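Hi,

Here is the structure I promised to pass on. Have a look at it first, and then read my notes below.

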Amino acid sequence: MNVLNRRPLFVLIQTVVLVVVIMAPASQATGQARTSETVIQKATEQFEDSPLIITSLSQGLYVFSGDGGNVTAIVDDGSTLLIDSGLASRISELSDAIFRTTMRPVTRLVNTHWHFDHTGGNTYFGSSGVTIIAQENVKKELSSAEDVPFVGLRDGHYPPQALPGLTYQSSLTLQQGSQKLTLENYGAAHTDGDTVIYIAPANVAVVGDIFSNHFYPIIDLSSRGSIDGMIHSIDRILAQTDEQTKIVPGHGPVTTRANLKDYRDMLVQVRQRVKDLIAAGKTMDEVVAAVPTKDFDARWASGYVTPEVFTRMVFTSLAGANDSR
Ligand SMILES: [Zn+2]
């Protein structure tokens, strides 16, 4: 019943957002409305239309990509543990593919954070008795309506069966067959409920949306995400991994630590440029016009987060830190 109730609420909230944007001053409204709609439309179209691709990382370890955020499956003798649950509208296709690939029932599901493209299958799995595990703030974010500035996303109010039944604060260890999973939260980064999962001895790190491979990231400012938190978490991940570690990003292909390091260096440089422009008294629109991402766009602007939206998020993250809020 709750599932049926969610969509009208979502539509209603979207309508309210649109009205507010139209009523805003024309100079802001034009850019805001266009970029907000572009981000969410691009993302949704991509998640709905991309083929589901299955990648084998090692014995009993698979990544399912295309239907939202990357989904990782770790198989033992009798069960499958999942990390993230994809997009709600494609859950039948995903669960069929998981069962065909692993031939074992899903018994545990870890969420890297609360966003809809990583928790869309929570209701499905939770309803069939799967234990959902997450950092404690994920339960809070999934239980209430949340919005993400600059991308036009509002979501929340998941039904009780979709909520984490097992939560932790800063660290948790799980065993799945021969693999040890270490769940870590390094404070707010992409959101305030991010989990990084290290899998050993496979030497895999599943990092969620702290890293979108080839994309500028979304920084969920309303969930206390920040550019500083993103950089801090990535520094911790770099310290915990080596050149052989397979890095599973929230979106995009499985990659290497070297690529994560390049992404970290991009974040650091864009942050510094925006910080300098703020110190020089520039407004958000002036900072956007200065294109502080310019020399990084060829490599990182291929996703649904445009350089403009990313710059606005970095600006707000840094300018907000100087406010008393
Ligand atoms: Zn996310």
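What follows is a short tour of what turned up in the chain.

Keep in mind that this is a predicted model. The chain has eleven helices and 14 strands. Of its 325 residues, 45% count as buried. If you take the contacts between residues at least 6 apart in sequence, 66% of them join residues at least 24 apart.

Now to the inside. The largest nonpolar core has 80 residues, and Ile197, Ala205 and Val207 are the ones with the most contacts inside it. I followed up on Ala205. Leaving aside residues up to four places away in sequence, Ala205 touches Val196, Tyr198, Ile237, Thr241, Thr245, Ile247 and Val248.

The peptide bond leading from Ala200 to Pro201 is cis, with omega near 10°. That one is worth a look on your screen.

Next, helix α8. Which of its residues are buried? Those are Leu260, Tyr263, Leu267, Val270, Val274 and Leu277. Just after α8 comes Gly281, which takes a positive phi of about 85°.

One is Met103, with phi near 55°. Met103 has its place in the loop between α3 (91-102) and β5 (106-110). Is Met103 buried or exposed? A residue is exposed if 12 or fewer other C-beta atoms lie within 10 Å of its own, and Met103 has 9 such neighbours, so it counts as exposed.

The other is His214, where phi is positive at about 80° although the residue is not a glycine. His214 is found in the loop between β13 and α7 (227-240). The cut-off for buried is 20 or more neighbours. His214 has 16 C-beta neighbours inside 10 Å and therefore counts as partly exposed.

Cheers

Conventions
Residues numbered from 1 in each chain as written. Predicted model: local features only at pLDDT ≥ 70, side-chain atom pairs only at ≥ 80, totals over all residues. Core = buried A, V, L, I, M, F, W, Y, C linked by C-beta atoms within 7 Å. Contact = placed C-beta atoms within 7 Å. Helix = DSSP H or I, 4+ residues; strand = E, 2+ residues; numbered from the N terminus.
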